[in-house]
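Keep the 3D view open as you read.

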Amino acid sequence: MARSDRPRLAVFKFASCDGCQLSLLDCEDELLSIAERLDIVHFPEASRRMLTGPYDIALVEGSITTAHDRERLTEIREQSGFLVSIGACATAGGLQAMRNFADVSDYARTVYPHPEYLSTLETSTPIADYVAVDYELHGCPVDKYQLLEVVLAFASGRRPQIARESVCMECKARGNVCVLVAQGQHCLGPITQAGCGALCPAYSRGCYGCFGVKEQAQVGPLIDHLRAHHGMTLSQARRSLRAYNPAAEPLQIIALQCDKDDVSGSKKGSGGHDG
Amino acid sequence: MLMQRWTPRDVQALINGLRTEGVRVLGPRVGDAAILYDEIETLPIGYGDEQAPGHYRLTAREDQSRFGYNLGPSTWKQFLFPPEEAIFRVQDGEFISCREQPERMAFLGVRACELAAISIQDQVFMGDFTDPGYASRRENLLLIAVNCSQASGNCFCASTGDGPAVGVGADLILTELRPEDPYYLVEAQTEAGQSMISAVGGPAAAPGEIDARDEALAATRLQMQREFATEGIAEALYAALDHPHWDAVAERCLACGNCTQVCPTCFCSSTREQVNPVSLEVTHMRRWESCFTADHSYLSGGVVRPSVKSRYRQWLTHKLAGWEQQFGVSGCTGCGRCVSWCPVGIDLTEEVAEIRRSV
């Protein structure tokens with residue numbers, strides 16, 4: 001295909017660690033084939049060649065944490081046919097969304113000698129909070145095969161085939177022994193979307209939930225069970241729910257419930273407070 | 001029936017003999033904190049387990065038992081109906097079958113409930129419609145069953161009528177007795193089983209030893225803590241589709257699909273086209289599906305069963321009621337895996353009892 005006929009792909013970054021866009025470079029065996037089928041016109045991590053829009057497909061990594069980023073995102077949206085947000089930051093705020101549950105000026109004072117030079121929003125929020133998003137790909141980082149699937153699907157005008165089911169489905173298909181049932185580990189697999197190949201449980205470690213919430217995630221029932229039967233403390237519950245995907249609504253709701261339980265526990269002096 | 005008496009060494013001779021003949025012997029292996037089914041060269045010794053709803057612990061037994069464990073998360077279906085299987089691929093417009101020449105397999109340590117489950121899946125995959133991959137694997141299979149000398153906390157095969165004594169369909173049936181210094185009573189149900197016995201040899205069992213087998217099975221039956229009323233269950237469940245207890249279950253159920261993935265009879269699958277990004281070759285893949293996912297009931301325009309309640313109800317009523325209409329038998333053989341491996345310990349026997357109680 002002549003270069004001018006190929007769909008134009010652009011990669012953009014907001015508040016993030018670059019790990020998701022690196023997943024594209026990590027497609028070593030497939031990268032040349034991708035480059036033959038798409039014209040990668042804007043990918044600062046990979047090339048100095050940075051062309052202006054319009055773009056057929058924009059991959060957007062990172063969350064929105066500054067007013068400037070918000071403006072830049074609006075421009076990207078205007079220039080893009082399909083906009084795909086990739087990774088936990090872009091789809092659910094990322095680790096940096098811990099600021100959403102604290103006073104950001106406190107953080108700034110603790111970290112920077114001159115916080116007055118900072119210009120930042122109070123929150124770290126997903127791309128979809130500001131512009132229309134055509135597809136959200138979960139993961140911290142995204143899985144490179146899922147990323148390939150999404151890019152190739154949009155390039156050829158079909159729907160991406162990405163399962164929205166639980167990590168448990170991959171765990172069982174892989175023949176892992178359930179770390180929650182057989183070892184009592186605090187595993188978020190039952191509420192987390194598949195896509196990682198059940199990586200952590202395959203190494204006998206409970207799922208951290210980095211792939212975000214699955215469709216119909218039953219966050220409350222899982223946390224209730226882990227607290228009642230597997231010694232999960234309120235503090236552990238909150239931390240696990242506010243780790244990778246803090247802005248995901250089903251996680252937010254239960255994390256807030258944990259805050260309330262904590263307060264009422266302390267008032268009653270029932271020993272519910274655990275830090 | 002004529003029975004032989006084997007030592008643990010004879011059982012090992014059976015494994016060795018099959019392997020020498022090129023048969024892939026699949027049986028219990030100690031995996032990550034559980035007994036798994038895998039290719040084996042020997043049997044693990046002195047393992048047991050402790051099970052309750054949502055709870056499994058691998059334990060050490062203070063004896064030499066080879067079959068002193070109950071069921072783990074593995075099922076034999078993973079070998080007959082693999083979690084993922086390539087069906088065909090398309091290359092330059094040509095359809096090419098991905099079916100492989102079946103290997104000869106022997107399942108060693110099949111329990112009564114599991115044998116019943118295999119027979120149920122035989123109906124699914126070789127009944128009105130034949131799944132060629134399943135059928136070819138099934139035809140090249142030896143089934144070496146074991147009578148259960150103990151029950152786990154989640155077993156209820158006595159209620160479903162599928163165990164603990166091995167029924168028909170096995171080639172060979174072993175009973176492990178005197179676990180501190182085990183010996184095995186061996187009986188053949190088929191010619192293939194008879195030739196396995198002939199190959200290993202061993203003396204005939206004494207009448208007293210046969211009594212010991214029956215006593216062991218009776219003790220296992222008594223050990224089962226879970227009861228499950230199967231009579232009239234289809235009518236009772238269909239009459240209770242609006243029962244408030246479905247909502248109560250849905251408040252606990254994670255819709256994660258674990259129960260369906262460990263169930264030895266669940267047979268749902270989905271297919272998708274997998275595109276190789278370099279060659280653009282397309283492979284038609286089949287993989288395990290679950291009625292607890294949204295995609296399972298996705299039809300043009302939407303998901304038919306969007307709520308957790310509707311998915312749990314679908315699973316339970318299909319397993320225990322719809323199955324009877326479809327295949328003439330219940331889809332549950334009382335193995336208890338769905339009870340053990342549910343992350344939040346939802347117990348099918350208790351949920352059914354609750355739903356039947358006030359109808």
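A salt bridge is a side-chain nitrogen of Lys or Arg within 4 Å of a carboxyl oxygen of Asp or Glu. This model is predicted. In it, the side chains of Arg287(B) and Glu165(A) form a salt bridge, with 2.9 Å from N to O. The rule finds three salt bridges across the interface of chain A and chain B.

**The interface**

The table lists the counts and values for the two chains.

| Item | Value |
|---|---|
| Residues of chain A in contact with chain B | 34 residues |
| Residues of chain B in contact with chain A | 44 residues |
| Area buried between chain A and chain B | about 3,100 Å² |

Carbon and sulfur atoms give 57% of the buried area. On the side of chain A, Met169(A), Lys172(A) and Val181(A) lose the most area to chain B. Together they make up 21% of what that side buries.

Which elements of chain A give two or more residues to the side that touches chain B? They are α2 (28-37), α6 (144-155), α7 (167-174), α8 (179-183) and α10 (219-229). By class, this side of chain A has 14 nonpolar, ten polar and ten charged residues.

**Two helices in chain B**

Helix α11 (residues 308-327) of chain B packs against helix α13 (residues 348-357) of chain B. Their axes are 12 Å apart, at an angle of about 90°. Therefore α11(B) is roughly perpendicular to α13(B).

From α11(B), the contact uses Tyr312(B), Trp315(B), Leu316(B) and Leu320(B). From α13(B) come Leu348(B), Glu351(B), Val352(B) and Ile355(B). Seven of the contact residues are nonpolar, none is polar and one is charged.

Technical notes
Residues numbered from 1 in each chain as written. Chains lettered and ligands numbered in written order. Predicted model: local features only at pLDDT ≥ 70, side-chain atom pairs only at ≥ 80, totals over all residues. Heavy atoms only, no water. Axes fitted to C-alpha atoms, helices over the stretch in contact; angles between N-to-C directions. Helix = DSSP H or I, 4+ residues; strand = E, 2+ residues; numbered from the N terminus. Parallel < 35°, antiparallel > 145°, perpendicular 65-115°, else oblique. Contact = heavy atoms within 4.5 Å. Nonpolar A, V, L, I, M, F, W, Y, C, P; charged D, E, K, R; others polar. Buried area = accessible area lost by both parts, 1.4 Å probe.
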